[in-house]
Amino acid sequence: MSAELDALYQEIILDHYKNPHHAGLRDPFEAEVHHVNPTCGDEVTLRVHLEDGVVRDVSYDAVGCSISQASTSVMTDLVIGKPVEEAMTVHEVFLTLMQGKGAVEPDEEVLEDGIAFAGVAKFPARVKCALPGWMAWKDATGQSMTTTAQGGDDD
Amino acid sequence: MEGLLADLEVVRKDFPILGRTTADGLPLVYLDSANTSQKPQVVIDAMVDHLERHNANVARAMHLLGAEATEAFEGGRDKVAAFIGAPERDEVVFTKNASEALNLVAQTLAFEGPHRVGPGDVVVTTEMEHHSNIVPWQMLTQRTGADLRWFTFDEAGQLDLSQVDELITERTKVVTFTWVSNMLGTVNPVAELTRRAHEVGAIVVVDASQAAPQLPIDLAAMPVEERPDVVVFTGHKVVGPTGIGVLWGRRSLLEELPPFLGGGEMIETVTMERSTYAGLPHKFEAGTPPIVEAVGLGAAVDYLAGLGMEAVHAHEQAITAYALEGLATVPGLRVLGPLDATQRGGAISFELAGVHPHDVAQVLDVRGIAVRAGHHCARPAHAKFGVQSSTRMSSYVYTTPGEIDALVEALHYTRDYFKVG
């Protein structure tokens, strides 16, 4: 019984839940988005700061369960400091893992702490909990790139 | 324990699903009955028997099966009418669910007719409603230019009745509220609010989705000035099937409201230019109705009437009191709603400090305990408490004190698991 729970709530997840990385909203940023999960009411406000095609900062304010909070925290670790294109690839790999119904072997080289979510993929009802932070980041990054591009035109 | 159903073990045997186990072989502890109730064998059998032996369309088929199906369907209406003490059986309209019943009223009040809601009129609801008794009224007031106002509630989960004079005025056309809150468990003062609304000529619409399963309802016995004009509830929370809801409405009001959906069987005559409409209740039942669902619902309310709604209510109160006592032993647990079991319904929402409701529900689920986690379709009511969501346990006629013990024990375990406190 506890083994089943432990597969879901790996230590890494609980650690990130208790001490989320990069939490709080910071300046500067080019885009801020607000995403809501209408079934459970969980919410995340997230900002992205890009510079020279690199993710310089991701800051956020989120209300949600351990899975959603930890997933957002892990996401910031994985994307901050990476070129946008590379970060998008990590996002794709994470998405593939979460949609794999537990059959996808996670690549620790790419996902680092994100491999802890392999267990979540076996709980169909919780898969959506692991995604809002990532979706918000993708959305905000897309908007930041548009803003940055427009800013570039003005120069 | 006083108040429990005398034959609780026999009652449990009536519900075949309670005999099943989880994948790990654990017994099922179903504490999500405010979401949907489980079904007794007699309801399942009535529906199967109807489909196996009497299936045909109703009121349109001039043959043996058509006559039997019509009799079974209308028999379901008679049973529902008896269950709520409807003054007339033709005042009982079958809908798809309680939401559709509320939309039927909210939408037809925007149409041409003596009760049409217009600019400057006021519609009053409350902050503790299920979304289904907020959104249709937002839509009505937005479409018609009327104002939507609402009663707030206090920390103890009680409506702030000091707002009555300010909210219920000669401008007020509709007053709507839930009889029993699905989140807080609060039982609202139906008679008092209805009397006040009637004094200004407002229509009173009561959402009885959580009341009908738990409280004896006798509409005919209520003084006319204290009897709501419309009462709605859903079949699947009173041990009946999904796919069917009930709208009871005062005959004179239903006759004055224009039809809702147009279609088969809601008409008298049709020409290409215009139609005239059927009488009650068929005027509001366009298209083939939920036939086997009505048969199942009839069996369901007969089952509850057999247990006796006074006894069902006493059982609910005994279990709720025991649950409130048990929950109070869990450190960091806060109940959102009234703490006196005699003043509330059987749905108990709570927060557990340091553990998100989804995580609470997940740990309970692994132990075979089914509760609901989320905003329970009552987001404004949660916002009032400064929380996004909560965990909710809800009992019913088959709930035992032992199941409450299992819940409380599992909540202690949850705190340990997440190392809170």
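**Figure 1. Surroundings and backbone of Glu112(A).** Glu112(A) counts as partly exposed because it has 15 C-beta neighbours inside 10 Å. A residue is buried if 20 or more other C-beta atoms lie within 10 Å of its own, exposed if 12 or fewer, and partly exposed in between, with C-beta atoms placed from the backbone. The model is predicted: local features need pLDDT of at least 70 and side-chain atom pairs count only at pLDDT 80 or more, whereas totals for chains, interfaces and linings use all residues. Residues are numbered from 1 along each chain as its sequence is written, and chains are lettered from A and ligands numbered from 1 in the order in which they are written. Glu112(A) lies in the loop between α5 (108-111) and α6 (124-127) of chain A. Helices (H or I, at least four residues) and strands (E, at least two) are DSSP runs, numbered from the N terminus. The phi of Glu112(A) is near 45°, a positive value in a residue other than glycine. Most residues other than glycine have a negative phi, and most peptide bonds are trans.

**Figure 2. His376(B), a buried residue with positive phi.** His376(B) is not a glycine, yet its phi is positive, at about 50°. The residue is found in the loop between β14 (372-374) and α12 of chain B. His376(B) has 26 C-beta neighbours inside 10 Å and therefore counts as buried.

Figure 3. Of the 10 residues of helix α11 (residues 357-366) of chain B, 9 are buried, so the helix is largely enclosed by the rest of the structure. The buried positions in α11(B) are Pro357(B), His358(B), Asp359(B), Val360(B), Ala361(B), Gln362(B), Val363(B), Leu364(B) and Val366(B).

**Figure 4. Cis peptide bonds in chains A and B.** In chain A, Asp27(A) and Pro28(A) are joined by a cis peptide bond with omega of about -5°. Pro28(A) is placed in the loop between α2 and β1 (31-36) of chain A. In chain B, the peptide bond from Leu280(B) to Pro281(B) is cis, and its omega is near -5°. Pro281(B) belongs to the loop between β10 (275-277) and α9 (291-307) of chain B.

**Figure 5. Packing of helices α2 and α3 of chain A.** Helix α2 (residues 11-18) of chain A packs against helix α3 (residues 66-79) of chain A at an angle of about 85°, and their axes are 8 Å apart. Axes are lines fitted to C-alpha atoms, for helices over the stretch in contact, and angles run from 0 to 180 degrees between N-to-C directions. The helices α2(A) and α3(A) are therefore roughly perpendicular to each other. Angles under 35 degrees count as roughly parallel, over 145 as roughly antiparallel, 65 to 115 as roughly perpendicular and the rest as oblique. On α2(A), the contact is made by Ile13(A), Leu14(A), His16(A) and Tyr17(A). On α3(A), the contact is made by Ser66(A), Ile67(A), Gln69(A), Ala70(A), Ser73(A) and Val74(A). Two residues are in contact if their C-beta atoms, placed from the backbone, lie within 7 Å. The contact of α2(A) with α3(A) has 6 nonpolar, 4 polar and no charged residues. Ala, Val, Leu, Ile, Met, Phe, Trp, Tyr, Cys and Pro count as nonpolar, Asp, Glu, Lys and Arg as charged, and the others, Gly among them, as polar.

Figure 6. The assignment for chain B gives domain 1 (8-30 + 309-417) and domain 2 (86-290), with domain bounds that come from an automatic or database domain assignment. The C-alpha centres of domain 1 and domain 2 of chain B lie 29 Å apart. The contact takes 22 residues from domain 1 of chain B and 21 residues from domain 2 of chain B. On the side of domain 1 that touches domain 2, α10 (309-327), β12 (347-352) and α12 (379-384) of chain B each supply at least two residues. The most is given by α10(B), with 5 residues. This side of domain 1 of chain B has 11 nonpolar, 7 polar and 4 charged residues.

**Figure 7. Contact between chain A and chain B.** The contact takes 14 residues from chain A and 14 residues from chain B. On the side of chain A that touches chain B, helix α1 (residues 2-8) of chain A supplies the largest share, 3 residues. By class, that side of chain A has 7 nonpolar, 4 polar and 3 charged residues.
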